[in-house]
Amino acid sequence: MTQAALLARSSDYVTPPWGDLEQAPFINACVEIDTPLDPHALLFVLQKIEAKFGRDRAKELRWGPRTLDLDLIAYDDVSIQKPELTLPHPRLFERAFVLVPLAEISPDRAIGGRSVASALAGLSTDGIERLTDD
Ligand code: ATP
Ligand code: CA
Ligand code: CA
């Protein structure tokens, strides 16, 4: 069993689908964890969890419906430019559905020299709704 500590967890957010396909809204959330795994090993674990939740990339369209999508957004200040792992996540700053939950847990975090909160201020958050427990 891999040890990892959960440091923070955002609320869940209903977010409009991304891309051109007609599809149902997504639920998005961010977590911050402390882990002994290096980025590649961590991504490998995330992909095993996706598979457990029924994810099969061979049967999907890009940015189409999927059971679970676990992305690495940033790992310390690590920068990696490989197709199988790019860090920070290359589309992070285009996506309010990432930045809204990330800003809830880490507004002052700088990623690639930009603060999460200021990057979010430049994006529309139309259609993004925080889910509450009640
Ligand atoms: P997007 O990357 O635009 O959010 P997606 O999450 O739908 O798209 P996937 O099909 O889940 O794309 O992943 C495609 C590949 O992206 C994976 O096989 C993985 O190796 C690679 N990848 C590169 N960088 C990352 C990252 N930071 N986090 C997760 N996967 C990554
Ligand atoms: Ca993704
Ligand atoms: Ca992914």
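**A predicted protein model with one ligand**

Good morning. I begin with Gln23, which touches Pro17, Trp18, Trp63, Gly64 and Pro65, leaving aside residues up to four places away in sequence; contact here means heavy atoms within 4.5 Å. Gln23 sits in the loop between β2 and β3. Gln23 is buried, with a relative accessible area of 15%, where buried means under 20% relative accessible area, exposed over 50%, and partly exposed in between, using a 1.4 Å probe and protein chains only.

Some remarks on the source are in order. This is a predicted model, in which local features need pLDDT of at least 70 and side-chain atom pairs count only at pLDDT 80 or more, while totals for chains, interfaces and linings use all residues. Residues are numbered from 1 along each chain as its sequence is written, chains are lettered from A and ligands numbered from 1 in the order in which they are written, and side-chain values use heavy atoms, with hydrogens and water left out.

I turn to the overall fold. The protein has three helices and nine strands; these are DSSP runs numbered from the N terminus, with helices being H or I of at least four residues and strands E of at least two. Starting at the N terminus, the order of elements is β-β-β-β-α-β-β-α-β-β-α-β. The C-alpha trace spans about 40 × 35 × 35 Å along its principal axes. For 134 residues, a compact globule would have a radius of gyration near 14 Å, and the 15 Å of the protein agrees with this; the radius is taken over C-alpha atoms, and the rule is 2.2 Å times the number of residues to the power 0.38. Of the 134 residues, 31% are buried. Among contacts between residues at least 6 apart in sequence, 56% join residues at least 24 apart.

Which helix is largely enclosed by the rest of the structure? It is α2, since nine of its 10 residues are buried. They are Ala96, Phe97, Val98, Leu99, Val100, Pro101, Leu102, Ala103 and Ile105. These buried residues pack against the strands β1 (5-9), β2 (13-15), β3 (26-28), β4 (31-34) and β7 (110-111), and against the helix α3 (116-121).

Two loops deserve mention. In the loop between β6 and α2 (96-105) lies Pro88, joined to Leu87 by a cis peptide bond with omega of about -10°. In the loop between α1 and β5 (80-82) lies Asp76, a residue other than glycine whose phi is positive, near 45°. Asp76 is exposed, at 59% relative accessible area.

Finally, the ligand. Ligand 1 has 16 residues around it, of which Arg57, Arg66, Glu84, Arg91 and Arg95 come nearest; a residue is near if one of its heavy atoms lies within 4 Å. By class, this shell has five nonpolar, three polar and eight charged residues. Both α1 (39-52) and β6 (85-87) supply at least two residues of the shell.

An N or O atom in the side chain of Arg57 is 2.8 Å from an oxygen atom of ligand 1. Glu84 places a backbone N or O atom 2.7 Å from a ligand oxygen atom, and for Arg91 a polar side-chain atom lies 2.7 Å from an oxygen atom of the ligand. On its own, ligand 1 has 630 Å² of accessible area, and the protein covers 82% of it; these areas come from the Shrake-Rupley method with a 1.4 Å probe.

Notes
A polar contact is a pair of N or O atoms within 3.5 Å; within protein, one must be able to donate a hydrogen and the other to accept it, and residues adjacent in sequence count only if both atoms are side-chain atoms. Ala, Val, Leu, Ile, Met, Phe, Trp, Tyr, Cys and Pro count as nonpolar, Asp, Glu, Lys and Arg as charged, and the others, Gly among them, as polar.
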